Amino acid sequence: MENIVFVLANVAALLIIAPIIDGIERKIKAKLQCRKGPPILQTWYDLVKLFKRPSIVTEESSLAYIISPYIIFANMVFALALVPSFTRISLSFFGDVIVLIYLIASSSIFLAIGSISSGNVFATIGANREISLAALSKLLMALVLATFATLKRSLTLETLFPIIPPYTLSAIVSIILFAIIAYIESYKLPFDIPEAEPEIIDGILVEYSGRSLGILKYSIYLKRILLFTIIVYLILPREIPTLLTPILYPASTIALSVTYVCIETYCGRLRIDQALKFMKTLVPVLLVVLIIAYFNY
Amino acid sequence: MGSRLHILKEALRTGVVTKKYPFEPIEVPEGFRGKPSIDVEKCIGCGACVNVCPPNALSAEVDLNKGVKRIILFLGRCIFCGRCQDVCPTEAIKLTREFELSTLTTNDLYQVVELKMAKCEICGKPYATIRQVMFTAKNVSKDQRPLLLLCSECRSKVSAKYVSYARW
Amino acid sequence: MHTSTTEILDLLSKYGKVEKVHENTYFVEVSTDKVREISEILHWKLGGHFSVTVGSDERPINGYFKVYHVFLMDKQKLSIIVHAKINPAIPKLPSITPIIPGANWHEREAHDFFGIVFEGHPNLERLILPYDWPENVYPLRKDVSVRELRNKLLKNRNEGVKERKAEEKYIVPIGPYHPALHEPEYFELYVEGEKIIDAKYKGFHVHRGIEKVAEERLTINQIPFIAERICGICGYTHNVAYCQAVENAAGIEVPSRAKYIRSILLEIERVHSHLLWFGVLFHLLGFDTGFMMIWLIREKIMDLAEVLTGNRKTYGLNLVGGVRRDIDSKKIEFSLKTLDYVETKARRVLDKMLKLKEVISRTKNIGLLNRSEARKLSVVGPVARASGINTDVRKYHPYAAYSEVEFKVPVYDEGDVYSRALVRYDEIFESINMLRQLLKNIPKGNIMADRIKIPEYRKGLGLTEAPRGENVHLVITGRDNKIYRWRPRAPSYNNISSTLVMLKGESLADAPAIIASIDPCFSCTDHLVIIDIKRNVKRRIRLKELARRRHC
Amino acid sequence: MSIKLFKKSLWVFHLNSGSCNGCDIEVLNVLTPYHDVERLGIKLVASPRHADAIVFTGPITRETLPKAIRAFTAIPEPKAVVAVGSCACGGGIWYDSYAVIGGIEAFYKILKEEYKVKIPPTVYVPGCPPKPEAIIYGIAVFRGILRQKQRRTYFTEKEVPELTKDLIVNIEKYMDSKS
């Protein structure tokens with residue numbers, strides 16, 4: 001029971017911190033563009049405003065359109081409960097890697113379904129792109145996680161965190177690859193194709209407004225922090241004293257997000273086929289890593 | 001990669017350039033074409049600015065009942081070209097350096113100057129503002145000045161030999 | 001083959017009366033049946049290019065409608081205007097669109113405004129007037145009072161609305177409010193997956209009826225200000241072009257100091273416009289840092305314009321006969337300092353940005369327009385120069401102070417988005433170079449011509465090279481300090497139709513960059529509706545009532 | 001009510017309703033490093049559904065009117081309007097053209113009469129085009145950071161001399177005595 005309290009506290013803390021991390025990213029991005037940038041709490045201000053605004057529901061929008069933001073949000077919250085964050089305690093006994101992938105993948109699909117059912121042409125193109133990107137990136141993610149599972153000979157999250165030691169080639173390479181995939185998954189440039197603003201007007205999100213838009217944006221921030229958390233815990237050694245994790249964890253998450261945003265600031269957007277091509281080249285690499293991992297190198 | 005680092009270096013060298021405005025005022029360069037403003041003491045209501053204003057932001061209206069002429073400046077249509085300043089005979093209308101003109105109602109964008117009109121000595125019709133009559137009088141030889149007290153029609157009736165110096 | 005000026009004039013005199021209006025500008029009056037023949041000779045045989053068609057209602061003067069076709073002969077530095085009288089009872093003229101496809105819009109415009117029927121035109125549909133405009137009302141005819149019309153139209157706004165039926169096709173609307181364009185234009189893209197099969201343009205949302213306003217309400221010296229508001233980015237070149245047209249018509253000699261000041265501000269405008277374009281391009285490629293960095297540099301140019309003219313945009317500097325503000329030595333010094341800053345910064349940043357992998361992979365070999373297509377559509381400016389056509393009004397029809405400075409005209413042969421970027425890149429630095437020469441050599445003297453008298457019913461042609469290409473204004477002076485007919489033709493007018501060629505077969509993701517690559521200035525063009533390109537949509541995807549209803 | 005909601009965060013949809021681009025580039029310019037309105041929580045969004053406020057630039061032309069109405073109604077309530085530039089404020093130089101409906105007030109009139117739409121709070125930013133600072137000032141006035149300077153002024157002449165032959169002939173004397 002005590003665990004549950006800890007997990008709830010963890011999740012609550014993550015819910016608060018996720019938009020703040022986005023705020024930090026925006027600030028840093030601004031600085032890199034010679035601007036002053038918004039206050040760090042800006043993302044929170046935006047979200048609060050969105051939550052206070054009504055969401056427009058048109059006659060043509062279906063049920064899927066209305067409920068999918070909430071499903072995605074619930075998915076993300078559940079996924080966050082599965083991974084350790086400020087403390088190592090988590091609900092990981094509920095599920096393993098497979099559940100995690102399932103949660104991430106299903107939210108992509110719900111996002112696509114929701115936006116297709118909004119009936120807007122830009123949303124449809126966005127959804128198209130989202131699906132083709134998601135299909136490939138989830139395959140990649142599955143391959144990486146399979147590599148981890150092969151290394152540890154287990155699927156439970158408990159054993160996967162951390163992946164190092166052993167300091168094998170395959171462990172290090174697969175962590176790097178996971179970081180790349182996490183980058184793609186978190187809709188960052190040059191991979192923010194489904195929501196490309198100039199091409200298809202914020203794509204998948206175009207028809208959402210007010211509260212549902214807020215929930216969706218919030219879910220995206222949560223997804224980012226989820227991916228960061230996984231990367232952090234793949235590396236963070238178990239030997240670190242329990243008391244230090246509440247400090248080390250946010251510090252490393254922020255460090256990671258800063259790195260990501262620095263990369264993002266100096267990238268242009270890829271065309272969908274270019275992005276897919278890039279991701280396809282990762283597949284054989286991952287397969288090789290998987291084989292190496294099987295032989296424990 | 002090299003190019004990216006180079007751009008990063010350039011950005012860092014430039015540093016944050018954002019101005020503090022609106023929390024600190026900013027300096028506007030000399031000769032900036034800002035809000036046109038009518039000096040109500042100098043304006044003679046001649047309407048030269050009205051004739052020349054391309055978007056008709058300046059308009060004139062004559063209220064015969066009250067015997068007044070109004071010069072109306074509507075900033076919400078002004079294009080800040082400064083032609084009014086060029087033609088004003090008394091330098092009453094000038095472009096200031098004021099650029100903070102935003103308002104929450106269009107009503108606040110108006111400046112109205114209402115000037116009393118002189119009545120024709122013969123027919124009693126208001127024909128020009130008193131200020132304009134006095135301004136013109138200064139530029140006309142003394143013997144012709146009494147004619148300025150008449151409207152253009154009466155003047156031409158009274159005396160064909162006088163050339164009208166001012167057009168109303 | 002090079003034909004000399006006299007040879008051309010001899011040839012022209014065989015067709016009709018040749019009238020020299022001002023230097024290097026000749027009007028040739030021909031009979032209606034000869035228009036096509038002479039146009040073909042000028043455009044295809046003598047190496048000139050078709051520039052603009054101007055319709056005009058001259059019934060109050062001579063009882064006829066008139067159509068003027070303007071041709072520019074770059075090699076001989078000549079402007080030749082072919083015009084024909086049209087009987088107002090049956091306003092008909094053979095179309096030149098079958099020979100010069102670039103004339104398509106021009107003729108449709110004349111049809112919209114004057115009701116002149118162009119025989120043999122492939123598609124003489126409404127182009128410019130709003131969707132709910134009544135039939136058989138031609139706003140630029142002199143017997144139409146627009147104020148009356150306006151009141152009538154405002155009352156029954158929806159009169160004549162034809163419900164646009166949704167087509168069962170997968171249409172991606174770009175616009176009217178597309179974030180990439182920041183201007184309300186409407187491209188319909190027919191896509192198959194991510195590939196564009198066909199494109200349609202429905203534009204002219206910004207048609208503001210400028211010609212009628214100018215002809216009916218404004219006086220000669222008020223029009224420069226409305227001309228400047230044709231376009232907020234390159235307005236000053238319109239301003240200059242108009243003033244030049246009137247000056248040419250009236251034979252006014254502008255003092256050379258005024259000419260220098262005009263050139264200086266034209267070049268400042270070009271630098272700002274090209275930097276703006278680079279910013280927008282990078283934004284469209286998803287590279288926002290590029291947008292921010294370029295606009296940061298551009299801000300200095302805007303500040304410079306503010307110091308020189310009193311406003312960041314819409315300089316409001318010209319009147320017929322000269323300029324309104326002088327430049328003193330302090331301002332020259334400030335300008336030179338700003339230019340140094342802008343040049344070093346722009347070189348450092350732009351050089352590197354144009355080498356970025358994403359930028360190259362998304363612009364090279366994208367949006368191709370080859371030389372022969374470019375000739376057919378009569379494109380101008382950087383678009384033409386990127387497709388291997390060496391044309392530049394500043395060089396071949398020098399105006400203002402351009403005959404007194406040295407500069408190169410960059411020409412690239414590839415005809416893709418990247419080469420259009422390179423043309424503009426070169427031009428930025430050529431312009432800065434030119435500005436230095438102009439600022440250093442500016443002569444002393446007056447800035448306004450002394451005696452300005454404008455005779456009535458005289459024709460004049462004003463040419464400038466806008467940042468987007470050649471800019472043509474044709475003016476017929478009128479009575480009572482008014483203009484009888486004024487037709488500004490912005491460069492984008494000729495360029496926009498080329499995007500439809502460029503877009504075919506490209507990827508949807510590249511569409512904004514391609515459209516932007518011509519630097520479309522829709523408000524310039526708008527004075528319009530459907531480009532009918534043969535449809536060959538193979539797979540039709542049905543999605544009910546797509547965009548139409550909700551794309552906003 | 002809406003003003004309070006948008007105090008910290010204001011997402012703006014930019015609609016060119018027939019502008020010459022001058023105001024549009026200045027609206028874009030407020031996003032760039034020198035002005036950077038993101039620091040004030042203002043963001044330009046691409047979809048009216050996401051927006052809190054709509055920025056009009058340019059006079060409303062006949063062709064854009066239905067689209068402007070559509071975009072306007074697509075924004076969820078409560079909303080605000082910013083009219084940037086003299087054209088949007090009062091029709092500008094185009095006010096009496098046959099192809100132009102007029103400024104934002106003419107637009108409101110149509111909205112009120114034909115669509116029964118509530119008129120949102122509006123900020124007018126005159127200028128041709130307004131400086132980026134002037135646009136920021138408009139937002140600042142809207143949010144109550146800065147005070148509105150421009151007020152309607154109405155001057156009525158009070159003391160007027162009686163126009164007499166005597167006065168007009170000896171106008172110099174009168175002028176001297178006055179000064």
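Where in chain B does P22(B) lie? This proline is in the loop between α1 (2-14) and β1 (36-38) of that chain. Please keep in mind as you read on that the model is predicted.

**Backbone features in the loops**

To find P78(D), look in the loop between α3 (65-74) and β5 (80-84) of chain D.

Positive phi values in residues other than glycine also deserve a look. N56(B) has one, with phi near 55 degrees, and sits in the loop that runs between α2 (48-52) and β2 (58-63) of chain B. In chain C, T314(C) has a positive phi of about 45 degrees and is not a glycine either; its loop lies between α10 (288-309) and β11 (318-319).

| Site | Angle |
|---|---|
| N56(B) | phi near 55 degrees |
| T314(C) | phi about 45 degrees |
| K77(C) | phi near 55 degrees |

K77(C) takes its positive phi in the hairpin of β4(C) and β5(C), where four residues stand between the strands. The two strands, with β4 spanning residues 64-73, run antiparallel and are joined by nine bridges. Within this pairing, V67(C) has A84(C) of β5(C) as its bridge partner.

β5(C) has a parallel partner too: strand β2 (residues 25-29) of chain C pairs with β5(C) over five bridges.

**The nonpolar core**

I80(C) turns up again in the largest nonpolar core, which has 341 residues. Together with V246(C), L281(C), I54(D), A83(D) and V84(D), I80(C) touches the most other members. The helix that gives the most to this core is α9 (residues 256-284) of chain C, with 16 residues.

For a closer look at one of these residues, take V84(D). Leaving aside residues up to four places away in sequence, V84(D) touches C23(D), V27(D), V55(D), F56(D), T57(D), V125(D), P130(D) and I135(D).

**Where chains B and D meet**

Between these chains, 47 residues of chain D are in contact with 44 residues of chain B. On the chain D side, several elements supply at least two residues each, among them α4 (86-90), β7 (122-125), α6 (132-143) and β8 (153-156). Which element gives the largest share of that side? It is α6(D), with seven residues. By class, the side of chain D that touches chain B holds 24 nonpolar, twelve polar and eleven charged residues.

Strand pairing also links the two chains. Strand β5 (residues 110-119) of chain B runs parallel to β8(D), and four bridges join them. One pair to pick out is V112(B) with its bridge partner Y154(D).

Methods: Residues are numbered from 1 along each chain as its sequence is written. Chains are lettered from A and ligands numbered from 1 in the order in which they are written. This is a predicted model: local features need pLDDT of at least 70, side-chain atom pairs count only at pLDDT 80 or more; totals for chains, interfaces and linings use all residues. Two strands pair if DSSP finds at least two bridges between them. Two residues are in contact if their C-beta atoms, placed from the backbone, lie within 7 Å. Ala, Val, Leu, Ile, Met, Phe, Trp, Tyr, Cys and Pro count as nonpolar, Asp, Glu, Lys and Arg as charged, and the others, Gly among them, as polar. A nonpolar core is a set of buried Ala, Val, Leu, Ile, Met, Phe, Trp, Tyr and Cys residues joined through C-beta atoms within 7 Å. A residue is buried if 20 or more other C-beta atoms lie within 10 Å of its own, exposed if 12 or fewer, and partly exposed in between; C-beta atoms are placed from the backbone.
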